[in-house]
There are 2 protein chains.
Amino acid sequence: SRKKQNSVAAFVSGILQGNITLLSKAITLIESTNPKHQQKANEILELCLPHANNSIRIGITGVPGVGKSTFIETFGKHLTGKGKKVAVLAVDPSSSINLGSILGDKTRMEELVTDENAFIRPSPSGTSLGGVAQKTRESIILCEAAGFDTIIIETVGVGQSETVVHSMVDFFLLLKLSGAGDELQGIKRGIIEMADAIVINKADGENIQNAKIAKVAFNRALHLYPLKESKWQPKVLTASALHNSGIQKIDALILDYIALTKENLHFNRKRNEQNKFWLLATIDQQLKDNFYNKIKIKKALQEEIDNLETGKTTPFKAAKKLLEM
Amino acid sequence: SRKKQNSVAAFVSGILQGNITLLSKAITLIESTNPKHQQKANEILELCLPHANNSIRIGITGVPGVGKSTFIETFGKHLTGKGKKVAVLAVDPSSSINLGSILGDKTRMEELVTDENAFIRPSPSGTSLGGVAQKTRESIILCEAAGFDTIIIETVGVGQSETVVHSMVDFFLLLKLSGAGDELQGIKRGIIEMADAIVINKADGENIQNAKIAKVAFNRALHLYPLKESKWQPKVLTASALHNSGIQKIDALILDYIALTKENLHFNRKRNEQNKFWLLATIDQQLKDNFYNKIKIKKALQEEIDNLETGKTTPFKAAKKLLEM
């Protein structure tokens, strides 16, 4: 027997009432590769849009082992304890090659998962980071329409995913560890430049002293960069998510940032720039999808790749041939 | 009076005879945005292709101030002194925003410029790094057809340009300085991972001791990475391009690399992979050009950007509208 399908109107009215089941199902439509699902998702998105945008979007990154899950659990519980509604989404490039999502193992956020004011969703899978990111960005809209006022976007600290997450959030938080090993992984100039705050996690027990030393070093590093367009001077804080210390200060810091940037209009300017970026990214992605999804192109592309390997053609010649098909 | 135009056949036969004037003019056709010039450039490329590919392609990167121009001049003169023919090209993202090319000021390579076995060409300009890179890649083909057996591709050590250059060369050389300041800029994990050799330049006078210390540190850093697919263990060398010391060792190192990778077939495998990458990159670039160069899209895109700013549309809605035009 055919499963009863919810109408677009049922989805929208459910989402606007904060119905988590329908929110979740609508995100599944966004993530689907079925054109009918995509069409329905677009209609839902369009009707939810006027109710979106009223949130603080926070990006959180850090290398594996830095304690992202524990941090998000503790920070998320702190926020829901204040009456906030928190959605946690992820942009995980590894999920596209089936290495499993960061948030796939939800048991790592046991308390937040069962919190009725929290919504946790693993990373969508996809063939490209751009595709994954677009789906996440659309999911943000639905979460906001469902009344979530704080959106946390998690990503692992590898590759290009931080840049993509940075381009969809208001505030970007970099989690670090003190002590050996992490320094080498950590001094990626580009990521430090993107950070609005660096939080040195696991600052507890014997680590407290090391965390203080790391705080001084990172503060010095941050002061080498020119003041950002936001006029915000990025800060370094220490915390122990496991022992629930330092969390309140991080929350206060983010609120300071939001107050400053709403006051000096950077907040809206940044969202405008992000919208332009996403307009162009959406077009680029769609142009590629339209081309590579053609059945005759799929077949011919493989032939041309074979010809390249045997030296029978060149990249330019093969590209020209495919584009003229 | 109308300038006399060389025929495609005249270009090709001139290039194959090593005629620098015609090589230079053909590269100008590659770089032109005029569709007629592009058509002619494509015909020249196609006829030159069977005569290309017989070179060693070396990428050289390093932050401004590291002494790239002096290094390339000294290294280039060393090679031409051995009877090699050296072409120096550049991929300079800054040239696309009119900040001027690295090689724009040719006076910085006074001796190499007047060497009849050297050919120096500044970075093409363009609206995107991808576009600039494609033109450089096509220029490599023409230089090889003209008999240049060593192609040096220079890029500044900022942004994404190293990745692009890495994807078009056989050997990737990172220039560094010893001493304070450069460490912070230098420890970009991604770039160090790409390097087949790190050369600590300006190792002369009072710097010699610092250069030795830096050599030990970088050697240690390099050994933290797993052995590359090429089976090549990246090496650290010191040199002073200004005083012409350490250059012979660098040349020998590159020849060792080429011998090893030709023997274990990595050399050809890498060029195959690069060809596949460039096939897809060429298609993507062309899809975008075809779309954004339409006059009606140019006009409508600006309207949609204005609508985005005033909140009258969203990135998805605007993209859909433009794509359906």
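Trainee: How many residue pairs are in polar contact between chain B and chain A?

Mentor: Four, counting pairs with both residues at pLDDT 80 or more. A polar contact is a pair of N or O atoms within 3.5 Å; within protein, one must be able to donate a hydrogen and the other to accept it, and residues adjacent in sequence count only if both atoms are side-chain atoms. Some background: this is a predicted model, where local features need pLDDT of at least 70, side-chain atom pairs count only at pLDDT 80 or more, and totals for chains, interfaces and linings use all residues. Residues are numbered from 1 along each chain as its sequence is written, chains are lettered from A and ligands numbered from 1 in the order in which they are written, and side-chain values use heavy atoms, with hydrogens and water left out.

Trainee: Which helix gives the largest share of chain B's side touching chain A?

Mentor: H12(B), with 14 residues. Helices here are DSSP runs (H or I, at least four residues), while strands are E runs of at least two, numbered from the N terminus. H12 of chain B spans 266-292, so it passes that cut-off.

Trainee: How many residues does each chain put into the contact?

Mentor: Chain B gives 37 and chain A gives 37, with contact meaning heavy atoms within 4.5 Å. The area buried between them is about 4000 Å², with 75% from carbon and sulfur atoms. Buried area is the accessible area (1.4 Å probe) that two parts lose on being put together, summed over both.

Trainee: Now chain A's sheet. What makes E6 and E7 of chain A a pair?

Mentor: Two strands pair if DSSP finds at least two bridges between them. E6(A) and E7(A) have four, so they pair, and they run parallel. One example is A:Val199, whose bridge partner in E7(A) is A:Leu237.

Trainee: Why do E3 and E7 of chain A count as edges?

Mentor: The open sheet runs E3-E2-E4-E1-E5-E6-E7 in chain A. E3 and E7 of chain A each have a single partner strand, so one side of each is left without a neighbour in the sheet.
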